[in-house]
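Student: I would like to go through this structure term by term. Please set each value against its cut-off.

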Amino acid sequence: NGTSVRVWGDLFSHSPDLYEYDLAGVGDDDDQYVVVAAASGVIMAIEDSNAEPTSSNNYVWIAHWNGEWTKYTHLETGSVTALGRNVGDIVFAGTVLGFEGDVGQAGGEHVHFEVVVPDDPLNAITGSGFAIGQPRVPLICGIPGNIMYDGQTYTAGGC
């Protein structure tokens, strides 16, 4: 939707795992940024009840038609279910999933984004919400070279 994001951790520097992004909406400090689905798919897991102080994260996992799964983490407590999102829902690219938050080991409001191909789609995530599979480099459309770098600000475009 034209929202700009600042990259906190990129594919090469994200800690503790590489091939993931931490993205924070950029603009007015009073803005509450929405988190949207990167592509069409089915919601496979939601954790939406953790509130600070906690080391546990709120997240949504989506399985996409190409076999990849995407994860959106640190969402504001209750924002996913308040929007009526449920496991099993089909969503489309751009569907609002929740709001950017600061839940868990976040260090400030942002969304953590990752792409994986599960080793076994029937057992794709742990009980704590971590992937069991192979990470993929996310394709970020409208960005030169399709890769974003730590400390830079970007506005993604259509594919």
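**Terms and values**

Tutor: Begin with L18, which is partly exposed, with a relative accessible area of 41%. This is a predicted model, where local features need pLDDT of at least 70 and side-chain atom pairs count only at pLDDT 80 or more, while totals for chains, interfaces and linings use all residues. Residues are numbered from 1 along each chain as its sequence is written, and side-chain values use heavy atoms, with hydrogens and water left out.

Student: Why is L18 called partly exposed?

Tutor: Buried means under 20% relative accessible area, exposed means over 50%, and partly exposed is in between (1.4 Å probe, protein chains only). L18 has 41%, so L18 is partly exposed. L18 is found in the loop between β1 and β2; strands (E, at least two residues) and helices (H or I, at least four) are DSSP runs, numbered from the N terminus.

Student: What makes the nonpolar surface patch that includes L18?

Tutor: L18, Y19 and V137 make a nonpolar surface patch of about 260 Å². Patch residues have over 30% relative accessible area and no salt bridge; nonpolar side chains (Val, Leu, Ile, Met, Phe, Trp, Tyr) are joined within 5 Å, like charges within 9 Å. The areas come from the Shrake-Rupley method with a 1.4 Å probe, and for residues only the protein chains shown count as cover.

Student: Which residues form the negative surface patch?

Tutor: That patch is formed by E52, E76, D102 and E109. Asp and Glu count as negative and Lys and Arg as positive, whereas His and the chain ends are not counted. The place of a charge is taken as CG of Asp, CD of Glu, NZ of Lys or CZ of Arg. E109 is in the loop between β8 (96-99) and β9 (111-118). With 43% relative accessible area, E109 is partly exposed.

Student: How do you know that R136 and E68 meet in a salt bridge?

Tutor: A salt bridge is a side-chain nitrogen of Lys or Arg within 4 Å of a carboxyl oxygen of Asp or Glu. The N to O distance for R136 and E68 is 3.4 Å, so the pair meets the rule. The count comes to one salt bridge. R136 lies in strand β10 (residues 133-136) and E68 in the loop between β5 and β6 (69-73), so the pair ties together parts that are 68 residues apart in sequence.

Student: What makes the largest nonpolar core?

Tutor: A nonpolar core is a set of buried Ala, Val, Leu, Ile, Met, Phe, Trp, Tyr and Cys residues joined through side-chain atoms within 4.5 Å. The largest one has 22 residues, and those with the most contacts inside it are Y21, L23, V60, I62, Y72, L97 and M148. Two or more residues come from each of β1 (4-9), β2 (20-26), β5 (59-64) and β9. Strand β9 gives the most, with three residues.

Student: Why is L23 called buried?

Tutor: L23 has a relative accessible area of 11%, so L23 falls under the cut-off for buried. L23 lies in strand β2.

Student: Is H74 buried or exposed?

Tutor: H74 has 6% relative accessibility and therefore counts as buried. H74 lies in the loop between β6 and α1 (79-82). Although H74 is not a glycine, H74 has a positive phi of about 80 degrees.
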